[in-house]
Amino acid sequence: PTLLAALAPLGITDLPDLKPLRVRAEIAGTTRALSLEKVALSVGGSSAMRVEVTGRVGRVPLPADQPISDVNMKASFSASTTAALSTVLGVTVPDCGSLKATGHITDRNGIYGLRDIIVSIKDSKKTTIKVKGNIEQVIKGYELAADGINLQASISEFSLKPFSELLGRPLPDFGSLRGAFRLAGSQTELAVSRLRLSTNSPRGIRMTVSGEIARVSLAGENPLECVALAVSDKASQLAEIPGLEGLNLPELGPFPMQAAINDRHGYLGVETFNIRSGDGKNALIHIYGNILRIDDLVQMRFQANVETTSQPWIATYLQRTPAKNYQLSGAITVTGSEDGLNLNELRFGAAEDKLLVMRAEGRLFDLSTAPQIDLRFDASATDPAAVGSMLGVSLPLIGPLAINGRIKGVRPTVTFEGKIRIGETSFTSTAGIDLALPRPRIDARLAATIVNLNDLGIYPQAPPLPTAAAARTKPRKRAPLFDDTPLSFEALKTGDLD
C-alpha cells in the first residue's frame, strides 16, 4: 500500500503519496493494552523521499483513552533534494542539495519529543548545513504542538544561488554563506541567538552579520521583534558593490561599512550606516544615513548624506588631474513604491553652493532586470570659469549656467532632453550619454533662436587707437568683426562629443 492509502481513514490526505509502505512488528499484550516490539516501518523506496522508524512501543492502551507510553524509537528521513519538501510543507523550497535527518523519539506522559536530532544538507561535495539538538515536544496527545525547541546550526560554504531561482529574479552574487546560530522556542514563536553569518563574494566583498533576534513570530502581524544586529561589510573597490558593477567608477580604495539593524521604533530598519573610504579626515568618500522599514519595500525610506572630493571623479571621467581638490557634498532621499523606487531628492554639488549645484528627482524602476531611470534634473553654476578650474580645463568667461531637463534611460546609457541656459542665451538640447566607457561619450544637439556671443565668452577685438599713419589710410569698407585669433576649445578634450 501507499502512505496516503494507509492514512486516508484518519482523514490525512495532504501528504505526498510515497510508496511502498512497509510495517513489521511483534505484537503482544491484553485486551487493555498492547506492546509493539521490534517495530520496523519504512515509507518510500527509490523515491525522492524515504522515512524509516525502528524500535519499540511499550504500551498502547485499549481503548485509546490514555496516551501511548514507554516509546523508544529511532527515526530517519532522507530526501534526494530539499526541493522535495515542497509537497510536505506546502511552500516552494529551493534545491539546496540532499537532506538527511535522524532523531530519537521519546515520550513523557503523552508528550512526544525528539532528542539527539541531527539534520544534514549536502551538496555534491560536502555537508553545507548541519543542525543538532532537541525538541522536547513535537506531539501532545494526538495534536502537533512543537515546543522546547533547542537547536544549534552550523553552516559551511552554503550557496545562496538557489534562492535567486526561488524569488524569480537575479540576486547579487554574495558568494557562499558560513557561520552559526542557535534556535529556541516553539511552533508559534522562536528566538535566534549567537548569530554570526558571513559571506565572501567572488568579487572580494566580505559581509558579516552578528547579533540576535529575541522574537520571531510564526503567527502574527509583527514577525520580528527585539532585533539587534550588527552588519559589517568590506569591498576592495566601489565598483564591486552589488548594483554598481559594470559602471566606470573611480578607484577609491577599500570600502568598509558598518550598520546597526533593530526594531527600536516599532519597525525593522537600519538605524545607522556608515561607509568610508580613506583614513580619518582624508576620506575620499563618506556616506552615512539610515533606512526605515527595510521589511517593506513599498514603505521603505532611505536617507543618506555624501561627502567626497572632486579629483578622483575628474581623473576617472575626464582623465585629467586638476591642481585643486574641491570638497563636494550632497544628500539623497529614496522611498519605495509598488514597481520600484522614488527618488524624492538628490542634491549634490560643491561645498560652496555658489560654485556648482545639481538637483534631481524622479523614479527608478525595473531594478531586478534592466534598471531604468526617469528623472527631472537641474544644475546651476553662477561662475562657470570657476567650475573649469575644478575640471582642470580653461573655460572662456561665459555667463551663468543653468541646465533644466529630464534624464531617461537604461543604465549606463541615458538621454537628456531640456534646456541649457548660458547668460541670456537659451539652447534647446537633446543628448545621449554613455557613462560606461573609459571616457564619457556625449552625442548632443543644441539649437537656439538667438545666440548672444558675449554669453559664450566670444567678444570682438577692440579697435586700435588712432595714429597719424592710420588716419592717412583709407578705411576698409567691410572690416571683419573678429580677427584671426583661434578660439579655445580645450574644454572639449574632457569628453567625446558629437
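## Salt bridges

A quick definition to start: a salt bridge is a side-chain nitrogen of Lys or Arg within 4 Å of a carboxyl oxygen of Asp or Glu. Side chains of opposite charge can pair when their charged atoms come close. What you're looking at is a predicted model, where local features need pLDDT of at least 70 and side-chain atom pairs count only at pLDDT 80 or more, while totals for chains, interfaces and linings use all residues. Residues are numbered from 1 along each chain as its sequence is written, and side-chain values use heavy atoms, with hydrogens and water left out.

The structure has 12 salt bridges. One of them joins Arg56 to Glu37, with the closest N and O atoms 2.9 Å apart. Arg56 sits in strand β3 (residues 49-61) and Glu37 in strand β2 (residues 33-43), so this pair ties together parts that are 19 residues apart in sequence. Strands here are DSSP runs of E with at least two residues, numbered from the N terminus. Asp70 joins in too: Glu37, Arg56 and Asp70 are linked in a network of salt bridges.

## Two more pairs

Arg215 and Glu189 also meet in a salt bridge, at 2.9 Å from N to O. This pair links distant parts of the chain, with Arg215 in strand β11 and Glu189 in strand β10 (residues 189-200), 26 residues apart. Arg215 is partly exposed at 25% relative accessible area, and Glu189 is partly exposed at 36%. (Buried means under 20% relative accessible area, exposed over 50%, and partly exposed in between, using a 1.4 Å probe and protein chains only.)

Then there's Glu345 with Arg347, whose side chains form a salt bridge of 3.5 Å, N to O.

Is Ser217 buried or exposed? Ser217 is buried, with a relative accessible area of 7%. Its place is in strand β11 (residues 206-217). Leaving out residues up to four places away in sequence, Ser217 touches Thr188, Asn222 and Pro223, where contact means heavy atoms within 4.5 Å.

Val410 belongs to strand β21 (residues 401-410) and is partly exposed at 36%. Beyond its neighbours within four places in sequence, Val410 is in contact with Ala370, Pro371 and Gln372.

## Cysteines

How many disulfides does the structure hold? The count is 0, going by pairs of cysteine sulfur atoms within 2.5 Å. As for individual cysteines, Cys96 is buried at 14% relative accessible area, whereas Cys226 is partly exposed at 49%.

Definitions and conventions
Helix = DSSP H or I, 4+ residues; strand = E, 2+ residues; numbered from the N terminus.
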